[in-house]
Amino acid sequence: MTPIDNISLEILDKIPAFIMLHDRDNHISWINIYALDKFGLARNKVVGKSLISIFGEKQGTELIRQNKEVFESKKALENISESVKIPNQGYRWFHTQKIPFTNDKDDFNEILVYMVDITDNINDIIAKVDSETKYQTLFMSSPTPIIISDLEGRIIDINEQMSELLSKYQLEEEGFLYKHFSELPFLDNTQISDLSDVFQAVLALKLRRPIEIPLMLDKKEIVLEIFPSVLQQNNEPYAVQIIMQDITARKKAEHELINRGKLLAESEQRYRSLFEDSPISLWTGEIDKLRSYLENLHKNGIKFETHFDDLREMSNLMSKVKIVSVNRATLDLFKAKDEMEIVRNFRRLFPKESLTNIKNGLMAFTKGELSHETVLLAETMNEEMLILDVKWTIVIEKNRPTRIFISMRDITEQKNFEKVLQIQRDFGIALSNIHEIDSLISLCVNTAITVSGMEFGAMFIYDPNSEKLNLKHQISMGDHESELITQFSRNPDFLVQIKAGNNIYFNYEQILQSKMCENSCKTFIALPVKYLDHIEGCFIFSSLKKEEIPKATRNILQSLISQIGSVLSRIRIEEDLIERQRRDSLITLAKGIAHDFNNILTAAVGSISLAELSVDDPHELQSQLNEAKRAMIRSRELTKKLLMYGNPRQPSNEFVQQLTDFKSLIKDTTEFVLRGSSVTSYFSIPEDLWTVVGDQVQIEQVLNNILINAVQSMPSGGNIEISAENIELEKPRSPLKPGKFIKMTVKDEGIGIPEKFLNKIFDPYFTTKKEGSGMGLAISNEIIRQHGGYIDIESTVGEGSIFYIYLPAVTENVSFKPDRKKSLTNRLHKGVGRLLLMDDDKTILRVASKMLEKLGYEVTTAKTGEEALQLYQEALWSNQKFKAVIMDLTVPGGLGGKETIQELLKIDPSVIGIVSSGYSTDSVMADYKQFGFSGMIAKPYRLEEITQVLSNLKI
């Protein structure tokens with residue numbers, strides 16, 4: 001390594017990590033500013049001081065030992081995890097590297113110490129474990145030692161059982177925590193390498209079995225069995241959990257049994273003593289019959305793999321093993337009175353769920369394996385289920401297998417703990433995704449019953465008004481349990497205890513003494529649900545089993561229930577917030593509608609009043625009537641906008657697929673909007689701009705709204721830059737699908753929009769301007785969405801806003817010819833013949849009839865679909881068929897157009913039906929041909945639209 005120069009020190013001074021130089025005398029020769037700030041010391045108070053004077057006797061001595069190792073090996077030390085006491089902060093944990101450096105004479109005389117503070121990272125992992133799985137109650141109360149490490153193998157937490165295991169072998173917890181497993185002094189290089197391989201397998205989720213690790217601790221050889229697993233959040237690993245078991249005694253017993261031949265030769269009494277006194281369930285058996293039976297099957301060509309798939313054959317096979325003896329631990333394990341009870345019920349002890357694993361052990365035996373290990377389900381004499389870790393060993397005598405030795409270890413508690421732990425994890429994740437009280441309660445009751453093993457459960461919600469516990473949810477409650485719930489909810493003493501936050505628990509003896517529901521349950525527990533100091537309710541659980549609920553199980557239940565109160569409170573707050581937002585939105589919408597309709601009615605009523613005064617002046621009369629008509633058209637447009645938001649996913653029936661000269665549309669619309677304003681426009685539009693597919697009128701409305709918004713944001717004038725470009729998306733870009741688009745950009749120099757409002761500007765009737773209605777941008781967004789496009793905005797207060805509009809396009813060359821204006825009379829389609837008009841509104845029937853008669857038709861009216869059907873049938877019989885039927889879509893209390901057209905088609909498949917409605921966004925109006933109609937007319941009626949539809953249908 002080269003010497004460190006002043007420039008290097010200046011760079012190191014600015015790095016946010018603890019960096020020091022130690023000399024050969026173990027003094028600090030330099031320290032960076034970051035470390036000085038953390039220590040709260042000046043550089044002259046540290047430089048030249050010994051490590052022991054700065055870090056204390058214990059820590060300083062360890063640092064000196066590390067420095068000696070670096071100077072002697074002339075190699076860097078890496079991946080050191082150590083704790084350092086920081087003034088006013090306590091101990092902090094660091095990931096440390098020590099690098100040797102030379103002087104000008106190439107002598108190694110200094111060590112660069114680089115320390116990264118990892119305390120917060122470790123605390124984050126611990127907090128994540130606790131917050132995600134609500135882990136601590138189970139973690140700390142587990143009957144087995146547990147270690148939590150980070151994904152790199154650094155130990156970050158241990159439980160009480162692990163602490164006891166360490167102290168048993170005179171190991172200090174402080175020297176164990178926050179160490180990488182490769183730094184543990186009692187592991188040799190081979191064990192570290194093996195553990196590294198195991199760790200990688202765990203992270204790859206490929207390890208599914210326990211691993212045995214022999215260790216030398218406190219001059220004693222011990223054997224640990226470890227089962228590591230990955231802790232995940234949102235399918236991402238963040239820590240490793242390692243469950244441990246000290247199996248030294250078991251391994252010793254197994255070793256002695258394997259060598260039992262020598263033991264028997266030396267002393268049969270010694271063997272029997274070892275056999276009987278072993279804490280592990282031990283069995284011996286003779287397998288002569290089993291061997292002979294298998295040999296005969298083999299001679300007859302029977303394949304074992306398929307033959308023993310038959311459960312009856314497996315049961316028959318087990319009868320070929322003669323159990324010779326079992327020890328006292330076996331009697332205790334299976335709740336048996338004596339050895340004969342075990343021998344007589346040998347096959348019954350292992351239910352059919354275990355036969356597959358027994359078969360696998362048999363297959364191992366047939367392949368010459370002398371030992372095999374597996375996990376079996378078993379059943380005690382009083383029908384309790386056990387999970388056993390089973391290992392058998394075959395004894396060879398005179399070159400033939402004659403005996404079998406079996407050891408069984410009860411791992412029920414460990415397996416149940418792992419199961420409960422998984423339930424806890426799933427429960428914590430599920431809680432974070434629940435937003436409904438009913439779902440929350442159902443989840444809690446089901447989870448608690450699964451964890452506790454009890455059959456019945458219910459939850460009560462506390463009503464502060466009536467001060468009663470009201471049943472909210474129950475599961476598996478029969479008649480007896482319903483009586484129990486009723487008694488619980490009415491018992492004033494129970495309510496007092498729950499309100500005080502006390503747990504209520506009755507075992508079988510207590511229930512008998514109190515004569516409380518002795519026929520309904522044998523155990524009973526009630527747990528209050530609290531949030532802060534408020535009682536939200538309580539859970540009750542009961543069981544028909546006489547066995548007392550273990551304290552650990554009750555603690556688990558309490559741990560689960562303790563999480564409910566805050567979630568219940570959160571859901572209630574969310575519901576209240578949603579309700580307030582809904583109410584505020586309706587108020588805003590109602591105000592906007594009232595404002596717009598009042599303006600429209602003012603214009604319409606005022607124009608009609610002026611028309612009444614102008615009967616003698618035909619020109620003025622026509623002018624005022626036109627003004628009233630325009631006001632009514634505005635009301636239709638407002639209704640259309642509101643309906644668009646009432647059913648936003650349905651495309652507008654007035655969406656017309658047509659090619660639009662977008663380049664001309666941009667310029668024409670901009671010039672029209674900016675006319676008379678102090679705003680100047682600048683265009684950047686290529687000559688080869690593609691053509692827009694869509695409704696020209698609606699797209700023009702979008703540009704009009706955005707440009708008006710820009711003008712209003714610049715009351716003193718300014719510039720608007722408008723550009724357009726062709727883009728083609730080969731992959732989806734949310735929310736756009738692949739395809740060809742025109743991207744238009746409108747940039748202004750206005751006052752800008754605050755960031756907090758950007759996600760609201762497309763909401764109906766939301767506006768920050770006094771002169772704005774709040775519907776322009778909302779409708780623009782909806783139109784662009786219906787066209788398969790997208791609209792977005794960027795804005796900075798004081799600088800302006802930029803709108804981006806994406807619209808589907810085509811590349812064909814199209815010539816556009818302007819329409820020549822015609823008078824209304826010239827544009828009207830004249831026709832002859834009979835029309836049938838159906839509507840439940842008398843006024844509409846009267847006005848629409850006159851409009852159709854003006855066009856030359858003879859009109860017959862009907863108020864309901866039933867009446868229309870009758871009139872159409874009569875017209876067919878009299879050979880005076882209607883040329884078309886115009887029907888209202890909805891008729892209260894009668895057949896509407898949708899139902900009537902289906903009946904008319906049965907009568908006359910050639911009928912021409914025209915649907916009519918004010919709900920222009922209804923699915924029938926949007927796709928009328930699919931429902932059997934030939935055309936559609938939107939309300940309110942306009943002669944130009946009626947004549948256009950009739951002309952297209954050639955009526």
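**Close-up views of a predicted model**

**View 1. Leu215 and the residues it touches.** Setting aside residues up to four places away in sequence, Leu215 touches Phe186, Leu187, Gln191, Lys220, Glu221, Ile222 and Leu224; contact here means heavy atoms within 4.5 Å. This is a predicted model, so local features need pLDDT of at least 70 and side-chain atom pairs count only at pLDDT 80 or more, while totals for chains, interfaces and linings use all residues. Residues are numbered from 1 along each chain as its sequence is written, and side-chain values use heavy atoms, with hydrogens and water left out.

**View 2. The largest nonpolar core.** Leu215 turns up again here: with Ile147, Ile158, Met162 and Phe176, it touches the most other members of this 39-residue core. A nonpolar core is a set of buried Ala, Val, Leu, Ile, Met, Phe, Trp, Tyr and Cys residues joined through side-chain atoms within 4.5 Å, where buried means under 20% relative accessible area (1.4 Å probe, protein chains only). Elements supplying at least two residues each include helix H7 (160-168) and strand S8 (211-217); helices (H or I, at least four residues) and strands (E, at least two) are DSSP runs, numbered from the N terminus. Strand S10 gives the most, six residues.

**View 3. An open, antiparallel sheet of five strands.** Read across, the order is S12-S11-S15-S14-S13; two strands pair if DSSP finds at least two bridges between them. S12 (322-326) and S13 (371-379) each have a single partner strand, so one side of each is left without a neighbour in the sheet.

**View 4. Strands S14 and S15 side by side.** S14 (residues 385-397) and S15 (residues 400-410) pair over 10 bridges in the antiparallel sense. Val395 stands opposite Arg403 in S15.

Key. Buried means under 20% relative accessible area, exposed over 50%, partly exposed in between (1.4 Å probe, protein chains only).
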